[in-house]
Amino acid sequence: MVIDERKDERDASADGLAGEPDVTIFVCTNCREASDSQARPGIVLMDALREAAAGKPLSVKPVTCLANCEKGPSAAFNHRSGWSYVFGHLSLDTVEDILIGAMMLSDDERGLLPLRGRPMCLRGKGMTARIPPFQHHEDLPS
């Protein structure tokens, strides 16, 4: 039955079991180290994240620029139906914390990255922006 097969595909996709994972980590690959005009720390960070994320329900992809150059290397978390976040001042030392944060976002049923329990590199000076999903709606405060 074609109808039953389509329903199964929709159910699997809604649960994050088919296609892309719920969270993609985009890593800026454009910025260069000041001391070495050829070194691109974002590429090294992306490679380390890809290796560390193997077997986890996350996707790690390059992006040419996140316009967060003063805080490079930078990365963004994009939740398929939730919020997106941009972080900076990342390094190879923060790879595990980045994955912990991405998994926290993936596990949150609202598509929000909870502040409680979030690794320090994804707070304060490390956080650049929080971006609502396209379909987001809030009323003005009264």
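This report describes the fold, the sheet and the core of one predicted protein model.

## The model and its confidence

Because the model is predicted, local features are taken from residues with a pLDDT of at least 70 and side-chain atom pairs count only at pLDDT 80 or more, while totals for chains, interfaces and linings use all residues. Residues are numbered from 1 along each chain as its sequence is written, and side-chain values use heavy atoms, with hydrogens and water left out.

The pLDDT, which is the predictor's confidence in each residue on a scale from 0 to 100, has a mean of 85 in the protein, and 85% of the residues reach 70 or more. Confidence is lowest in helix H1 (residues 2–14), with a mean of 39, and highest in strand E4 (residues 84–87), with 98. Over residues 1–17 the pLDDT is below 50, and this stretch has six contacts in the model beyond near neighbours in sequence; a contact means heavy atoms within 4.5 Å.

## Overall fold

The protein has three helices and five strands, which follow the pattern α-β-α-β-β-β-α-β along the sequence. Helices (H or I, at least four residues) and strands (E, at least two) are DSSP runs, numbered from the N terminus.

Of the 142 residues in the protein, 36% are buried, where buried means under 20% relative accessible area, exposed means over 50%, and partly exposed lies in between (1.4 Å probe, protein chains only). Among contacts with a separation of 6 or more, 63% are between residues 24 or more positions apart.

## The sheet

The five strands form an open sheet in the order E2-E1-E3-E4-E5, with mixed pairing; two strands pair if DSSP finds at least two bridges between them. The edge strands are E2 and strand E5 (127–131), each of which pairs on one side only. From one strand to the next, the twist averages 15°, and helix H2 packs on the sheet, touching E1 and E2, with its direction at about 165° to that of E2. For such angles, axes are lines fitted to C-alpha atoms, for helices over the stretch in contact, and the angles run from 0 to 180 degrees between N-to-C directions.

Strand E3 is mostly covered, as four of its five residues are buried. Five bridges join E3 to E1 in an antiparallel arrangement, and Thr24 stands opposite Asn78 in E3. E3 also pairs with E4 in the antiparallel sense over four bridges, with Ser84 in E4 as the bridge partner of Asn78, and these two strands form a hairpin with four residues between them. E4 in turn pairs with E5 in the antiparallel sense over four bridges, and the bridge partner of Phe87 in E5 is Met127.

## The nonpolar core

A nonpolar core is a set of buried Ala, Val, Leu, Ile, Met, Phe, Trp, Tyr and Cys residues joined through side-chain atoms within 4.5 Å. The largest one has 25 residues, and those with the most contacts inside it are Ile25, Val27, Leu49, Phe77 and Leu90. Elements that give two or more residues to this core include strand E1 (23–28), helix H2 (41–52) and strand E3 (75–79), while H3 gives the most, with six residues. Leaving aside neighbours within four places in sequence, Leu90 is in contact with residues including Leu45, Ala75, Ile98 and Leu122.

## A buried loop residue

Asp22 is found in the loop between H1 and E1, and this residue counts as buried because its relative accessible area is 18%. Asp22 and Ser81 are 59 residues apart in sequence and 7.7 Å apart in space, C-alpha to C-alpha.
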